[in-house]
Every structure is written in structure tokens, then in C-alpha cells.
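Reader: I'm new to this one. Can you walk me through it?

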Amino acid sequence: MKDRDALLNLLQLPREARETPIVFSTIRQLIARDDEALRLYIRWAAFEASLSRAFSGDPSERSQIVSAVRRQRNQAFGQWIGLMLTLLLISVTGFYLWSRGSFPKEAGVPIAAQLDTPEQILWGGKEPEQLGIVRPGTRLNALTGRFLLRLDSGAVAACTAPVDLEVVDGWELFVHRGDVCVQVPQQARGFRVNTEAVKVVDLGTLFGVRVDDEGRAEVHVLEGRVQSTTRFGSQDLTTGFAQKVDNSGRPEKIIPAVGEMFSTQLSSLAGIAPGTDSIRILPHPVSPVRIEDLNQEGTIHLLMERAQITLDTTLEIASSLPGTYDAQHLPKLTKIPKDALVSTCLIMGGKTSSAPLGGTITFDRPILGIALSSSQLDMTDRRYGHRLVQYLNPEGVKQSSLSRVFFTEGTAAATTANRFTIHPDGRTLTVHIDSASGEFPQLRVFIAARHEGP
Amino acid sequence: MEPTARQSGHGEFIRLWTAASHRVHTYLLTMVLSWADAEDLLQEVGVTAWEKFDEYDRQRDFAAWACGIARNKVLSFNQLVWHRLVQSSDLLDRIAQEIEVESQVLEQQNEALFFCLQRLNEGDRRILQARYTPGMSLKKIAQEAGRPLQGLYKSLQRIHAQVFDCVTRRMAMGRDR
């Protein structure tokens, strides 16, 4: 019954608010899992089609419609005096209800965000609505777990408990306490994260905000630029810089940004499930660095590269069909279509001769494909690699003697021992690297940007 | 088909298409839920139906035949755009099946709707008309009538709910009789 009500609320949204990917995705989930919801959905679509048919008269009626709507307003004005008295009564009652925290929620108000919870969350306050719909003004207080907020503006906020924040609307968060890391795409530039002490306006792409129990705030810019405003003035912060602000709003000096501080949130943005420990996840670089310098001996590394990025062209790379692949059993090719929303990470190991390395990583979303040949890697470095990392052969121009290829067909056994397995869940990847000196094998993994839901 | 046969076929096609287009539109809107997409697809289906009209078996229900074309259009359409409402052919098939099963209910709903629209007051009727008349939008109406858009949205929401309730009640009464 709840599904049905939720669906009806969504269907009754204004067309502009309804025809959005977030609302469509929620409707899709509802009708896919509940026959009653599916029937209601069909009835509603037929209802709207019939209304359209009933009113698809002569567009020359337009002027009559405008004047009728205007007339309706004028009639309403005539009732204004009477209404004022009623409103006064309603205002007093409303204020009373609001002050008691029991003001009824208005049906059909816009959706500010969708909550993406790849794991169980223990909520400290009121639990969010079913299906992860977050309406403007919703306060989220998580005691354990982590979640993503996909805001209507396009920004994505990764939050890790303990965190207490309010989703003011699709363009603004207010953080009372905790760590929040926000990835802001081009179209959401201007997205705001406010605290009691500081207001942060995004002018770039990726930043983190920490608010401690005393209300002190820190703003760390991991990529791009933000404007940080306190009651003492404004300050632009760029990649690699951070600012601390005390709880009276007084800014302290600018310090280097610390990517590690938001590593859990960044993992969440990149879709890495908690508990992955056999592959070392590298801290987010906040200054330019060569890929060779990130790699250390003795373990396989994972560099989180891009989160929530839209493919600007169709990509043809190795498919993510479950199975074990090596130089003799190469994966088939697949196409990830243009406009798909993905996150990427680079898995690497080797560089110099060492003992065989192995590790497993689980993502909380499906793997879509893997770039593993030199050409696939070179081709995707610029657009889907990390902005501050210089890869082995930038723009395909050979600069390093190291080979980044994962499988080399028909060569020595040492090279062909590299292999990887995609597990049947489609989300877990086991990598085995047994490379020779001078080899620096790499895999760029493309995963879906969205958690598939329960 | 010879030119003259084609010409007389055209007359027949227009008659059949006019009678069936509402059903096809409903079908498309259910599949995509986006008005603009449903309108575009309806035009495409119309063109394809005319192009393939020679293949149409006169023993078959024309609307069902046109819905088959619509289904293929939606499938190829959805394959291109990931964020559309229906993305899997499974769900598409379930919807198509359900429309088939519920066809009588939907017909009753259509009749009930015309009754309920008669009972609307003139102001509410005009707002619905503004929403559904081709080439008009609530935004334009709000600007020209000097009314806040949010206010019109809320009115529209209320009217939709009121009419849908009326339709549901009337259908229930029809079943009880």
C-alpha cells in the first residue's frame, strides 16, 4: 500500500519535476516490484492520455484560457479580506504545529535528492522515506553506515556516519556534524555546503567538509575551486588547499588539503564496498604526481580516478562477464554507451620484479567493463583518469620504458601469468599479477555510478 | 499497392489511425511517461504504420497492430537512452500484457473521466485545459495571467487528485451495480 501511495505522489508531480532521471528511476523500481503499483501506473498514464484527448481542442482557445485563469485570480482577490482572517488563524495554528515539530508534510513537494544506501544505516533521528526520496528540508542523522545523496542539481554527496546534515534543497546542504565529501559536475556549479561557521560555494569539482562536535569546520579542496565565506570575509581555495574555521566563524590559516581525511567518502563515491583490504587504496592525490611514484612494492594498488562521470563517447573495452581471464583466455569486448554514468579506478601492481601479487576488491555497484590493453588505457587516461596524475605515456606519446599492458599475447610465461577473475556477482574482482621487471600492468575498471538498490 | 489502391488505402488508413491513435498514444505514454517523447514516438509510429500498411492483415485489430509497431519503436528508443523510464524488455512486456488485460477497465475509466470532467468547475477545467492543450504550458499561462507558477502547480495537483478520485469512485459504483 505504501508503494502505491508513493507512486501516486510521484505521478502527480508537475511534468517538469516528474520527467527527471531520479523520479523515473524511483517509478521504475516501484512498478517493477509491485503488480498493484504497475496497474495503478497504467491507469494513471491512460488517465493522462484521456485528459489530453479531452482537451486537445483548438489552440485558439489559448486567450480564453489565459483570461479565465486571470479571472479566477481576480475572483480570488475578492475573497481576500475573508481569507486574511482565516489565514491569521491558520498561521497561528501552523506556528504552533511547527514549533512542536509536527507540521504535516505537504504532499507532492519537489524531490531534493535520492538516497543511495549500499549498506544498512542506523538512523539517529527520523528514518528517511521509503525508496530513498529526500524532500527539501529533510534532516538526516546517521549513527552508523555510509550513504550517497544524489542531489537534484546533479551533485553527489558521500556521507559517512556519524553525520548529521540537512538537505536544504537540491542545491544546498547544511552540515551540523560529520564528514561530507561532494562531487559537483559542471551543471551543478554553485552548489553550496553550509555549516554554522562557514558557507562553501563550489566553483569546481570535488571538496570535503568536516564539522566536529564543537562546530569547528574544515574545508578541503581535492579538485577544483571553492569559495569559503565566514563572517570575517570570503576566500577562494583551490586544489590541494584547506581552511579551518573555529566555531565562532573565525578562519585560521590556509593549510594543505588532506585527501586521506575523506578516504571513506571517496571510496563511497568510487563505489568501493567497505572491507576491501587486500588491495591498497591510494590516498587521493591533491597535487600533480607521476603514476610510477604512487606505486609501492609488495601490494596491488587501487587509485580512485573519477566518480560519477558521464561518458562522452561509446567505449569499447573488455567486458565484465564473470570468468577468469589470462593471456590465453581474453575477455570479449563490450560497448559502454555514450551518456552512461560511471566511476573509474586504476588497479596496478608490479613496476619492478617482485613476488607474485594478488588481491580482491568488491564494488558496491556492477562492473561495466575494463580497459586493459595499452591502447584502451592510453585512450581513456585523459578523460577518465585522475586529473592530477601523469600516466605513463600521456596522449599516447611513449615516454616511459615501463609497459602498462596487462596481457601480452604469445610472450614469455612470466607475462602471461597475469590474470583476473570477475566473480558471478559482477561486482567482485580478483587480480593476480606476476610480472617481469620493466612491467607495470594496469587495469582501468569502469563501474556503474549507481547502486542498484535493494 | 497500385497508386489508386494506395489512394483508397490512404482513406482507410486515416480512418483506422484516427480511431486507434488514442490507444496507441496511451500505450506509448505508459511506456515512456514523458509527454514529449510520447508525442514524437506517436508521429514515428504513424509514419511507420502508413509505410507498412500494405502488410496489415485486415482480419486483425488495427490498434493492436499499431501497438506492436509502437512497442518496437519504444524498444529501439530505450536502447539508446539509458535514463528513460522503461529500460528492460521484460518490464515493457509486463506493461504491454497488463494493458491488454486491463483494456476493459481502461475503457470504463475513459467513460468515467468524461462524466467527472462535466462536474468540474470552470476555473479548474481551464487549468486542466491549459495543461493539456497542445502548444500551451502552465509556465506561459502563469506568466500571461500574472499568477505564481507554484500556485498553478498546486492547483493542478489538487485537480488531478480530485478527478482521479472521482473516476475511481465512479468505476467502483459501476462495478457494484
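This is a predicted model: local features need pLDDT of at least 70, side-chain atom pairs count only at pLDDT 80 or more; totals for chains, interfaces and linings use all residues.

Reader: How many residues does the contact take from chain B and from chain A?

Author: Chain B gives 58 residues and chain A gives 51 residues.

Reader: And what area do chain B and chain A bury between them?

Author: About 5500 Å². Carbon and sulfur atoms carry 64% of it.

Reader: How many salt bridges cross the interface of chain B and chain A?

Author: Three, by the rule used. One pairs the side chains of A:Arg39 and B:Glu98, at 3.6 Å from N to O. There are also six residue pairs in polar contact between chain B and chain A, both residues at pLDDT 80 or more.

Reader: Which helix gives the most to the side of chain B that touches chain A?

Author: H8(B), with 11 residues. That side of chain B divides into 29 nonpolar, 17 polar and 12 charged residues.

Reader: New topic. Strand S10 of chain A: mostly covered or mostly open?

Author: Mostly covered. S10(A) spans residues 206-211, and five of its six residues are buried.

Reader: Which strands does S10(A) pair with?

Author: Strand S7 (residues 172-183) of chain A is one: the two pair in the antiparallel sense over six bridges. There, A:Gly178 stands opposite A:Val211. Strand S11 (residues 217-223) of chain A is another, also antiparallel to S10(A), with six bridges. Here A:Val209 stands opposite A:Val219.

Reader: What lies between S10(A) and S11(A)?

Author: Five residues, as the two strands form a hairpin. In the turn, A:Gly215 has a positive phi of about 90°.

Key. Residues are numbered from 1 along each chain as its sequence is written. Chains are lettered from A and ligands numbered from 1 in the order in which they are written. Side-chain values use heavy atoms; hydrogens and water are left out. Contact means heavy atoms within 4.5 Å. Buried area is the accessible area (1.4 Å probe) that two parts lose on being put together, summed over both. A salt bridge is a side-chain nitrogen of Lys or Arg within 4 Å of a carboxyl oxygen of Asp or Glu. A polar contact is a pair of N or O atoms within 3.5 Å; within protein, one must be able to donate a hydrogen and the other to accept it, and residues adjacent in sequence count only if both atoms are side-chain atoms. Helices (H or I, at least four residues) and strands (E, at least two) are DSSP runs, numbered from the N terminus. Ala, Val, Leu, Ile, Met, Phe, Trp, Tyr, Cys and Pro count as nonpolar, Asp, Glu, Lys and Arg as charged, and the others, Gly among them, as polar. Buried means under 20% relative accessible area, exposed over 50%, partly exposed in between (1.4 Å probe, protein chains only). Two strands pair if DSSP finds at least two bridges between them.
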